[in-house]
Amino acid sequence: MGVFDIVARTAGRARYAAAQGLRSAWYGVQMSAARRRASGFDRPGEPAFRPSKGTPDLAALRRAYFELFLKDRLNVEAGLYPAPSDVRLKDLPKALRSARAFREDVEEVDRRRLERNGTEIRQQVMDGHNRYPAYYLQNFHYQSGGWFTEDSADLYDTQVEALFTGTADAMRRAVLAEISRELKGRDQRRVSLLDVACGNGRFLSQVMQVYPRLMASGLDLSPTYTDAARARLKPWKHVEILHEAAESMPIENAGLDMVVSIFLFHELPPRVRGQVISEVQRVLKPGGLFILADSAQFGDYPELDGLLEYFPHGFHEPYYKDYLSWNANSVCERAGLVPETRSLAFLTKISTFRRVL
């Protein structure tokens with residue numbers, strides 16, 4: 001490597017560190033303010049929650065945090081994707097509006113937490129109620145509107161980034177790295193990809209920015225999030241967004257080269273997880289790849305097992321406790337998906353599986 005290359009790499013790393021540091025600080029300040037305005041995880045008069053797995057090791061959490069950004073930058077230098085650019089922070093008025101909306105919603109989220117009311121949305125959703133399974137009609141995270149309002153779809157990106165102190169996009173980019181490895185040497189125009197539970201389309205839009213001719217589609221059960229995804233994916237006219245359930249995909253057998261799922265399975269009942277895995281196997285071509293990215297589980301970071309226990313206590317995550325011990329490998333193998341790789345990106349675990357037959 002020549003002197004020019006070394007200087008360029010050093011400068012790139014410095015820009016990356018400055019941008020990600022600013023980003024983390026921005027969302028970290030918002031989360032700290034939210035905690036000050038909220039009442040805490042415990043309800044008045046109840047014993048304080050004590051995780052059965054012990055007190056989390058915050059030093060281990062910090063190590064995992066910095067390792068995420070190190071891996072992210074190395075992926076950029078390896079050419080797996082371009083250096084990240086967060087347009088939300090460049091658009092200061094929009095960033096400030098989102099921060100204000102997040103702050104204003106804290107009281108409502110805290111009210112539901114104190115009431116332990118995670119099903120408020122069931123009384124609010126009237127039209128099309130029968131279309132949605134009972135497990136879906138909940139205010140996950142105690143968030144206003146559940147998955148059913150335009151405000152929720154608009155605020156989600158800020159909420160998840162604040163929760164993870166500005167690391168959510170970096171964790172998702174670990175999935176983009178797996179997509180890039182799978183596409184190496186292939187014509188993206190001939191590769192089909194489905195983003196299951198695509199939400200408001202943020203990750204899928206990032207994929208399309210790197211692979212604009214990829215034959216991609218998204219699927220989500222939320223009417224407002226799919227509307228937001230269509231608006232976000234509008235620059236790529238060939239991308240289709242389906243308003244459907246993951247456990248009954250309207251896709252032909254063996255029609256896809258890749259299926260991606262990010263932050264879905266911890267919000268599914270155990271029975272439905274198995275149904276979705278079966279659907280993934282059905283729609284993948286033989287040799288196709290399934291990329292499953294979701295929360296870290298017990299044993300991934302033994303020093304942080306206690307931290308994972310806090311999440312379902314402090315937020316409405318009715319299926320998360322069971323998910324922490326869920327064995328995705330065995331469920332996938334029974335469905336005909338063979339495990340290939342596993343990696344950690346801070347508090348996200350990325351597992352890949354191959355359909356063999």
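**View 1. Strands β2 and β3 pair side by side in this predicted model.** Strand β2 (residues 215–220) and strand β3 (residues 240–243) run parallel and are joined by four bridges; two strands pair if DSSP finds at least two bridges between them. Here, helices (H or I, at least four residues) and strands (E, at least two) are DSSP runs, numbered from the N terminus. Look for D220, whose bridge partner in β3 is H243. Between β2 and β3 the chain passes through helix α9 (residues 223–232), giving a right-handed β-α-β crossover (with the strands pointing away from the viewer, the path from the first strand over the helix to the second runs clockwise). Residues are numbered from 1 along each chain as its sequence is written, and side-chain values use heavy atoms, without hydrogens and water. As the model is predicted, local features need pLDDT of at least 70 and side-chain atom pairs count only at pLDDT 80 or more, while totals for chains, interfaces and linings use all residues.

**View 2. Seven strands form an open, mixed sheet.** Reading across, the order is β3-β2-β1-β4-β5-β7-β6. At the edges you will find β3 and β6 (337–345), each pairing on one side only. From one strand to the next, the twist averages 15 degrees (axes are lines fitted to C-alpha atoms, for helices over the stretch in contact, and angles run from 0 to 180 degrees between N-to-C directions). Strand β1 (residues 192–196) runs parallel to strand β4 (residues 256–262), and four bridges join them. Within this pair, D195 stands opposite V260 of β4. Helix α7 (residues 168–183) packs on the sheet and touches β1, β4, β5 (284–295), β6 and β7 (348–355); contact means heavy atoms within 4.5 Å. The direction of α7 makes about 170 degrees with that of β4.

**View 3. Helix α6 packs against α7.** The axes of α6 (residues 150–163) and α7 lie 8 Å apart at an angle of about 95 degrees. The two helices are therefore roughly perpendicular to each other (angles under 35 degrees count as roughly parallel, over 145 as roughly antiparallel, 65 to 115 as roughly perpendicular and the rest as oblique). Y156, V160 and E161 of α6 meet A168, D169 and R172 of α7. These contact residues comprise three nonpolar, no polar and three charged (Ala, Val, Leu, Ile, Met, Phe, Trp, Tyr, Cys and Pro count as nonpolar, Asp, Glu, Lys and Arg as charged, and the others, Gly among them, as polar).

**View 4. Helices α1 and α4 pack together.** Helix α1 (residues 3–37) meets helix α4 (residues 92–115) at about 25 degrees, with axes 9 Å apart, and the two are therefore roughly parallel to each other. On the α1 side the contact involves W26, Q30, M31, A34 and R37, and the α4 residues include L96, F102 and V106. Eight nonpolar, one polar and four charged residues make up this contact.

**View 5. Helix α10 crosses α13.** The axes of α10 (residues 270–283) and α13 (residues 328–335) come within 9 Å and cross at roughly 45 degrees, which makes α10 oblique to α13. This crossing, too, is right-handed. G274, I277 and Q281 of α10 touch V331, C332 and A335 of α13. Four of the contact residues are nonpolar, two are polar and none is charged.

Definitions and conventions:
A crossing is left-handed if the near helix is turned anticlockwise from the far one by less than a right angle, and right-handed if clockwise.
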